[in-house]
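Please read them with the structure open.

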Amino acid sequence: MAASGVTEDEYVLIGRDLVKEFAGRSGLFSRRGSHVRAVDGVTLGLKKGRTLGLVGESGSGKSTVGRLLLRLLDSTDGEILLHGEEITKDRHGDLRRARREMQMVFQDPYSSLNPTMRVGELVGEPIAYHRKLRGQALDDEVARILVAVGLSGEHARRFPDELSGGQRQRVAIARALGPSPDVLVCDEAVSALDISIQSQILNLLLRLQEELGLTILFVSHDLSVVRHVSHDIAVMYLGQIVEQGPAERVVDEPAHPYTAALLSAVPEAKPADQRSREKILLRGDPPSPSEPPQGCPFASRCPVAFEPCDKIRPEHTAVEGGGTVACHLQTAGPVLAGRPVPIELLSRAHK
Ligand SMILES: Nc1ncnc2c1ncn2[C@@H]1O[C@H](COP(=O)(O)OP(=O)(O)OP(=O)(O)O)[C@@H](O)[C@H]1O
Ligand SMILES: [Mg+2]
């Protein structure tokens with residue numbers, strides 16, 4: 001924890017050294033008794049009223065981290081602190097209180113919203129459960145929240161399939177806001193939407209954050225979306241966070257070769273930037289999480305890997321400009337004027 005500087009009073013929600021192993025399925029293609037290590041020693045903290053973007057390719061363990069933090073899944077190891085109190089082993093009433101404070105919005109409102117319930121019931125249900133509102137007081141609160149997410153009281157009578165995709169995602173957000181949570185986990189919440197609708201929903205989240213002081217974990221495989229909404233960014237690869245820090249620093253001066261590769265694939269708004277950032281092509285696929293490598297998880301695909309990378313797992317070290325990175329280049333790699341050589345220069349030299 002010391003390396004990433006996560007101290008309790010600054011953070012609403014902390015995950016510390018989180019590990020999640022799933023029992024492997026014995027079948028045609030998997031070895032009997034093998035485990036999938038979906039999350040492998042993740043430490044992160046959500047700062048009050050801010051957004052942490054969690055980014056990484058499919059299967060890197062982002063959703064699993066979100067579900068562990070919300071206690072929707074039990075962790076194999078590690079601890080979770082909400083407002084400085086450990087909730088890792090909470091059950092029943094304590095867990096219900098913790099769950100009220102942390103809500104989730106999923107990618108696909110088709111499957112996360114029961115199609116047989118009207119919007120008013122969908123939004124009202126968690127309010128009745130957590131806040132015990134009934135009758136007119138409940139109806140008024142539902143109408144208020146629908147307006148807050150850009151819908152109207154008229155939508156309360158509709159079924160989910162009588163709404164557009166964007167409206168359905170607004171209902172999912174309204175449902176999450178009902179219990180008045182402190183923390184919202186948005187898991188690929190805009191990934192299934194058209195670009196124009198994506199930006200409407202992102203703007204809604206930004207506005208709600210400002211009005212309600214919400215703390216948000218924004219999970220997405222898409223760095224071009226994450227960078228627009230996040231104050232801080234954590235980059236995941238094969239169950240581990242390989243780099244984290246203030247969004248601006250991570251995007252402008254990535255310290256991990258994997259972050260640099262992700263960024264090089266993002267279309268730039270400014271053509272000048274596009275010219276200066278060459279696309280870094282990654283070879284091969286990530287290793288299987290059921291057989292995690294001994295050294296750096298990225299070593300087998302890293303364009304600038306050297307001696308220690310496939311043998312020793314790198315520790316997180318502080319990066320100039322904020323945050324931390326787990327990369328041997330920072331501690332044992334080539335140095336230019338007393339600083340680690342920037343990734344972009346190195347990967348160009350390796351072409
Ligand atoms: N219930 C489960 N049982 C077994 N393995 C699982 C389970 N849930 C996730 N996994 C495995 O854990 C790893 C991480 O999955 P996770 O869904 O967290 O990734 P992700 O980063 O959210 O991916 P995506 O971008 O595709 O949503 C994957 O290898 C996945 O197959
Ligand atoms: Mg996911």
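Which residues are closest to ligand 1, and how many surround it?

1. Basis. This is a predicted model: local features need pLDDT of at least 70, side-chain atom pairs count only at pLDDT 80 or more, and totals for chains, interfaces and linings use all residues. Residues are numbered from 1 along each chain as its sequence is written, chains are lettered from A and ligands numbered from 1 in the order in which they are written, and side-chain values use heavy atoms, with hydrogens and water left out.

2. The shell around ligand 1. Ligand 1 is surrounded by 14 residues, and the closest are S58, G59, K62, S63 and T64 (a residue is near a molecule if one of its heavy atoms lies within 4 Å of it). The shell holds four nonpolar, six polar and four charged residues. Here Ala, Val, Leu, Ile, Met, Phe, Trp, Tyr, Cys and Pro count as nonpolar, Asp, Glu, Lys and Arg as charged, and the others, Gly among them, as polar.

3. Cover and elements. On its own, ligand 1 has 640 Å² of accessible area, of which the protein covers 65% (Shrake-Rupley method, 1.4 Å probe; for residues, only the protein chains shown count as cover). Two or more shell residues come from each of β2 (35–47) and α1 (62–69). The most, three residues, come from α1. Helices (H or I, at least four residues) and strands (E, at least two) are DSSP runs, numbered from the N terminus.

4. Cores. The largest nonpolar core has 69 residues, and V123, I173, F218 and I233 touch the most other members. Helix α6 (residues 165–177) supplies the largest share of this core, six residues. A second, separate core of 27 residues includes V12, L13, V65 and V183. A nonpolar core is a set of buried Ala, Val, Leu, Ile, Met, Phe, Trp, Tyr and Cys residues joined through side-chain atoms within 4.5 Å. Buried means under 20% relative accessible area, exposed over 50%, and partly exposed in between (1.4 Å probe, protein chains only).

5. R313. This residue sits in the loop between α11 (271–276) and β11 (317–318). R313 counts as partly exposed because its relative accessible area is 36%. Beyond four places in sequence, R313 is in contact (heavy atoms within 4.5 Å) with D40, Q240, Q294, G295, C296 and H328. The R313 side chain reaches the backbone oxygen of D40 at 3.0 Å and makes a polar contact of 3.3 Å with the side chain of Q240.

6. Two further arginines. R249 belongs to helix α9 (residues 247–252) and counts as buried because its relative accessibility is 6%. R227, in helix α8 (residues 223–229), has 25% relative accessibility and therefore counts as partly exposed.

7. Helix α10. In α10 (residues 257–264), eight of eight residues are buried; among them are Y258, L262 and S264.

Definitions and conventions: Polar contact = N/O pair within 3.5 Å; in protein donor to acceptor, adjacent residues only side chain to side chain.
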